[in-house]
Amino acid sequence: MGAWLGSPVALIPLLILGAVVAVLLIASGLKDFGLTFWGFQYRFVPGEPDASSWGIGVFLVGTFLTASLSLVLATALSLALAISSVVYLPPLPGRLLSMVTNLLAGIPSVVYGIWGFVVLAPYFGLTLEPSLRDVLGWLPGFGGPASDIGPWGTLLAVFVLTIMIIPLTTALMREALRSVPRDLVEAGLAVGATRWEVVRRVRLPVARNGLWSAVLLGFGRALGESVAVAMVIGGTSIALPPNLYASTTTVASFIFSQLDSALIYPNLFVLLVEFSLVLLVVAVVVNLVAQRFTRVELATATTLGGGE
Amino acid sequence: MNERNDNLVPRGSSAGSSPLVCPKCGAPVAAAGTEAPLKCGRCGTPLSAGSPRAATSPIAAASEDRGEIILAIDRLSVLARNKPLISDVSLHIPVGKVTAIIGPSGCGKTTLLRSMNRMVELHHLQVKGTVRYLGQDIYGAQVNPVLVRRRIGMVFQRPTVFPTSVFENVAFGLRLDGESEDTVEKAVVSSLRRTGLWDEVKEALDRPALTLSGGQQQRLCIARALAVSPRVLLMDEPTSSLDPVATQRVEDLIFELKSDYTVVIVTHNMQQAARVADLTAFMYQGRLVEFDTTKRVFEQPKEKLTENYITGRFG
């Protein structure tokens with residue numbers, strides 16, 4: 001029973017990937033991948049998108065800026081959450097914490113977006129950004145004036161993204177820490193290490209690959225998030241934002257927010273399709289690297305058993 | 001080597017000024033010098049013999065006088081959700097001897113071993129009764145389990161090497177103390193020599209420890225345990241994952257170690273117990289059935305159960 005499911009079913013993911021790439025390639029007609037496409041130029045003619053031109057560089061800066069910053073925050077928080085639920089909390093509260101964290105993953109991104117727009121934005125504009133400017137103003141990126149368009153900008157997008165990827169990275173990190181052989185943890189304790197010393201010197205090094213894989217998959221998620229980011233990032237296409245309060249755009253949120261115009265302007269339409277191809281390639285590369293870490297992890301786990 | 005400090009209560013703790021008190025005359029036993037004495041300086045009472053009021057069930061000590069007791073287990077029960085894994089076990093382990101714990105699978109021998117350095121607590125098990133190391137109850141409220149495990153080391157069924165170099169594996173416990181590089185290196189070399197591993201790995205100290213053979217890995221784990229200068233070494237079926245040649249080497253090592261350490265070994269292999277142990281304890285269904293010299297347990301057991309097990313009628 002079920003043997004017939006074997007090979008044909010295994011092809012489905014491959015077919016989907018192939019179909020997505022092919023359809024995007026056909027739709028774009030491959031006409032715009034020239035120097036201007038990869039550049040940073042930004043020419044916007046109001047009311048005439050077909051006469052405007054955007055280089056993807058602007059959007060890639062916004063994408064990697066927001067994704068990397070949120071990843072730094074999310075990694076720190078997820079690591080703390082994962083360590084406390086696996087190592088420190090008693091079983092019941094530990095499971096409860098995992099459950100609630102997982103639940104956060106199920107909230108639709110548009111809900112996070114509207115929350116960021118309605119609740120976080122005023123708080124950022126009135127409280128957080130002025131205090132950050134006061135305290136950390138001497139750091140590059142934290143000084144300078146607020147954005148003209150209001151509190152919507154890079155920093156707000158970073159916060160919303162952080163909250164959105166925490167459930168994913170936490171769950172993966174938890175698994176990585178759990179997969180550390182119990183023997184090794186006990187061996188550490190048996191030499192007189194405290195629980196924290198075992199975390200630092202045994203669990204984290206042994207789970208290293210799994211943790212990296214979690215970080216990369218979180219990065220992939222952050223790179224591709226469109227709806228919530230589009231709602232809070234402000235969406236102005238500034239080549240290099242002067243500070244974190246400035247509004248930027250990511251590739252994904254630009255595609256999402258310009259889709260309605262693209263139906264009217266064919267050139268913009270092609271541009272968006274090509275942008276999504278680039279995003280696809282970036283996402284595939286990030287995921288492949290993440291999977292490579294997972295494989296190393298499995299290899300280590302099997303060697304750890306020892307044997308002659 | 002770092003100095004042995006047998007004080008299990010963390011320094012600076014209010015009640016921790018002198019927890020080593022002679023059970024007979026009450027004289028505080030100074031932990032001055034490198035090693036705490038095993039006997040009271042005033043009246044000569046062995047420090048470990050346990051206070052007289054402790055109710056001790058009859059098979060606590062082996063039949064002959066074995067000298068000083070380093071680990072005194074009295075009326076110990078370990079429960080998992082109110083279900084006993086071991087019940088009312090009393091066992092006095094003499095210093096400088098190899099004591100084997102044998103018995104069929106599930107008899108509680110590993111639980112008993114893991115109660116001797118508070119490893120049972122990691123599994124949220126409930127412990128009743130006392131385990132005294134040189135007179136101090138290791139489950140005492142003030143006692144720091146980390147210090148217990150420093151004095152009472154452990155080696156596991158499968159080699160538990162960390163994915164670092166050979167050197168760093170042995171140095172693991174010493175690094176926790178922030179010892180100087182010089183001290184660490186001396187201790188690592190001397191531990192590796194002690195386990196007979198030095199000649200095999202001296203050229204490969206920087207290699208990943210996982211590239212060693214299983215037998216070498218297990219001896220590396222023993223070296224790691226010895227590097228923090230314990231008095232007692234608990235071994236939980238240390239050769240069950242090794243081939244006969246590697247097993248032989250570990251057994252030889254156990255024999256050599258008893259001049260400096262007290263060894264408690266759990267084994268399902270009766271021949272192994274007969275080969276390496278001075279004393280043997282037989283457990284069955286969570287209870288200690290018999291504890292005596294290995295020779296007596298194997299040649300003239302007092303209990304019918306022991307005889308049946310030894311002669312292979314069950315187990």
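Tutor: Let us begin with the residue classes: the lining of the largest pocket divides into 14 nonpolar, 5 polar and 8 charged residues, where Ala, Val, Leu, Ile, Met, Phe, Trp, Tyr, Cys and Pro count as nonpolar, Asp, Glu, Lys and Arg as charged, and the others, Gly among them, as polar. This is a predicted model, in which local features need pLDDT of at least 70, side-chain atom pairs count only at pLDDT 80 or more, and totals for chains, interfaces and linings use all residues. Residues are numbered from 1 along each chain as its sequence is written, chains are lettered from A and ligands numbered from 1 in the order in which they are written, and side-chain values use heavy atoms, with hydrogens and water left out.

Student: What is a pocket, and what is a cavity?

Tutor: Rolling a probe the size of a water molecule over the atoms shows where empty space is left. On a 1 Å grid over the protein atoms alone, a cavity is a set of points where a 1.4 Å probe fits but cannot get out, whereas a pocket is an open set with protein on both sides within 12 Å along at least five of seven lines; lining residues have an atom within 4 Å of a point. Grid points are joined across faces, edges and corners, and a volume is the space filled by probe spheres set on the points. Here the largest pocket holds about 850 Å³, and among its 27 lining residues Val86(A), Val87(A), Arg182(A), Arg203(A) and Leu122(B) lie nearest its centre.

Student: How many cavities of 30 Å³ or more are there?

Tutor: The count comes to 2, and the largest cavity has about 60 Å³ of space, with a lining of 7 nonpolar, 1 polar and 1 charged residues.
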